[in-house]
Amino acid sequence: METAARDCTTSIMHLPDDCLYFIFQRLESGVDRKSFGLTCHRWLHIENTSRRSLQFQCSFRQLNHSSLSRTSTTIGSFQLYRLLNRFQQLELLCLSGCIDLPDSGLTQLQYYGSKLQMLYLDCCFGITDDGLSVVASGCRSLTFISLYRCNVSSIGIETLAKSCQALQEVNLSYCPLITDTGIRALSQNCRQLRAVRISSCRNITGVGFHGCPNTLAHLEADSCKLETEGLTKIVSGGGLEYLNISNLNWAVPGNGLTIVGTEFGRRLRILDFRLCRTVGDESIIAIARGCPLLQEWNLALCHEVKRPGWEAIALCCHNLERLHVNRCRSLCDLGLLALQRGCQKLSILYITRCRQLSDPAIMIFKCLRGNVEIKEDEVMCIAPEWAFSR
């Protein structure tokens, strides 16, 4: 009887794979997961096929004191080849900071990238249109890609957009070779697009956004050479909730931003006009009247906004909670008085170094609007957290 009982005993090694997968998924510690894979070849296979994300020490996707103190690691084609062969079920791959990685390093994505949804290639200076072609052919499930400072052109973006039509978030900041042609390909092929970054892409005027989907809710286009026609195309989708066109001093005249205040901008909640030195009262009045949902507006260093503009904001921006007026040379006591009497939901006013404001005017504002916090900070970024935060 005892012999029969001994023969029937089982151990964890007898569990089927689906049970082992379940156990592995419940391990929260990275050390425990690694120890699991070191047990035997079978358990190593379970670890390999369960892994969904891969990020290297050289990556700066999430900066902290620990990552900044690490010794830099060079990731080449061979190392990446082995890792992609080992982890074939990846949904997130972060290669940001792999500055020497060539196009050939992405070859295995043709075979093992079918489940990849998020790809970070920030500062991968060796990645060109050829590398994007590999990504396009093997990673058709991509919903997110970041190409910050990559040497890719509109040709590569067209190839990517035609193959990866599920793309929702695309970061093209500081990609100087990209033009409106590449943006047009994204707008026409990726109909679920919801967030785009084109900051410092000086060859983009904005006309490529013609026909963009109404799902496009987030656009960062600071330090771009946008034109009036381009701005018209940008807002034409009607879905924008956040728009950053700070440092717009190129081909758009002072009244060229009135288009933002049309019916297409009615869903806007956050506007960043910082350093738009030529934007005038006509544009401000149109936007104040046409964007009733506006909650935050950065007008720091907008020197041409004068009393009529501030009065329009006070009168029409009923949902405005945060207003940035740092270093606005034309904000005077009467303009501040108008803001004091209007904008009843205002909770934070960022204000400092406004030459025409007197100390008594600021003191009166503080006394009569005690519910408004006065901050001297100058905020550089007011982007919402929901985009590019995964």
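Author: Happy to start with Ile-23, which sits in helix α2 (residues 17-25); helices here are DSSP runs of H or I, at least four residues, numbered from the N terminus. Keep in mind that this is a predicted model, where local features need pLDDT of at least 70, side-chain atom pairs count only at pLDDT 80 or more, and totals for chains, interfaces and linings use all residues. Residues are numbered from 1 along each chain as its sequence is written, and side-chain values use heavy atoms, with hydrogens and water left out.

Reader: Why does Ile-23 count as partly exposed?

Author: Buried means under 20% relative accessible area, exposed means over 50%, and partly exposed is in between (1.4 Å probe, protein chains only). Ile-23 counts as partly exposed because its relative accessibility is 30%.

Reader: How do α13 and α14 pack, roughly parallel or roughly antiparallel?

Author: Their axes, lines fitted to C-alpha atoms over the stretch in contact, are 8 Å apart. The angle, which runs from 0 to 180 degrees between N-to-C directions, is about 5°. Under 35 degrees counts as roughly parallel, over 145 as roughly antiparallel, 65 to 115 as roughly perpendicular and the rest as oblique. So α13 is to α14 roughly parallel.

How values were computed
Helix = DSSP H or I, 4+ residues; strand = E, 2+ residues; numbered from the N terminus.
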